[in-house]
Amino acid sequence: MHRKISSIINAVAPISEKALAKILDLISYKIVKKGDLLAEVGQWNNLEYFVIDGIFKSYLHTPNGDSITISFFMQNSIISPSTTRNNAGKSIINIKALSDGEIATMDAMAFEKLMIEDVEIREFGNAVLRSELMAKVQKEIALASLKGKDKLHFLRRNYPNIENCIPHSDIASYLGITPISLSRLRTES
């Protein structure tokens, strides 16, 4: 299992075996079921997450109770860093498993301490933050400037085959369109 974490980390920012061993010492593994919540708005959450297998989404509820999908996290990825999804240790977003899967977790404070002590780990952590920022900016620009069909192409480019794996209502929510519009776009594509 540690090999999977190693490949996820090295895909973001290659680090030495010595630095990797420090991170691996913090890792715990967990099997999750479809529908499990990893984080819930207002609840304490001090974990960093690696997606070993499965699909997850971050989302919020509108005042009307509608679910708005913010991001998807696929196999072999890192869920948004703790510093970007928490305020004073409490989650500002929900994170839910959209399929059965497996995650690796580590204490965010212990990881932050490693970042202070080890320059390679700091560079990895900063690379994760930069990647998160770029993904958010690209999504914001795409959804603000693209027409429906191009939004669907953006989704397919960033999350290959996701349409066959999760409810289309989550995809429509992510794209900022109705499920009916998504169905129409899929038929046209």
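This report looks at the aromatic pairs of a predicted model and at the sheet beside them.

**Aromatic rings**

A pair of aromatic rings is described by the distance of the centres and the angle of the planes. Four such pairs occur in the structure, and two of them are set out here.

| Pair | Centre to centre | Angle between planes | Class |
|---|---|---|---|
| Phe72 and Tyr174 | 5.1 Å | 40° | tilted |
| Tyr159 and Tyr174 | 5.8 Å | 90° | edge-to-face |

The pair of Phe72 and Tyr174 counts as tilted because its planes stand at 40°, between the cut-offs of 30 degrees for stacked and 60 for edge-to-face. This pair links distant parts of the chain, with Phe72 in strand E5 (residues 67-73) and Tyr174 in helix H7 (residues 168-175), 102 residues apart. Tyr159 belongs to the loop between helix H6 (148-158) and H7, 15 residues from Tyr174.

Now for the strands. Four of them make an open sheet in the order E2-E9-E4-E5, with antiparallel pairing. Strand E2 (37-39) and E5 are at the edges with a single partner strand each, so one side of each has no neighbour in the sheet. On average, neighbouring strands here are turned by 30° against each other, direction ignored. E2 pairs with strand E9 (residues 94-97) over two bridges, and Ala39 stands opposite Ile95 in E9.

Helix H7 lies across strand E4 (56-61) and E5, running at about 95° to E5.

How values were computed. Residues numbered from 1 in each chain as written. Predicted model: local features only at pLDDT ≥ 70, side-chain atom pairs only at ≥ 80, totals over all residues. Heavy atoms only, no water. Phe/Tyr/Trp six-rings, centres within 6.5 Å; stacked < 30°, edge-to-face > 60°. Helix = DSSP H or I, 4+ residues; strand = E, 2+ residues; numbered from the N terminus. Pairing = 2+ DSSP bridges. Axes fitted to C-alpha atoms, helices over the stretch in contact; angles between N-to-C directions. Contact = heavy atoms within 4.5 Å.
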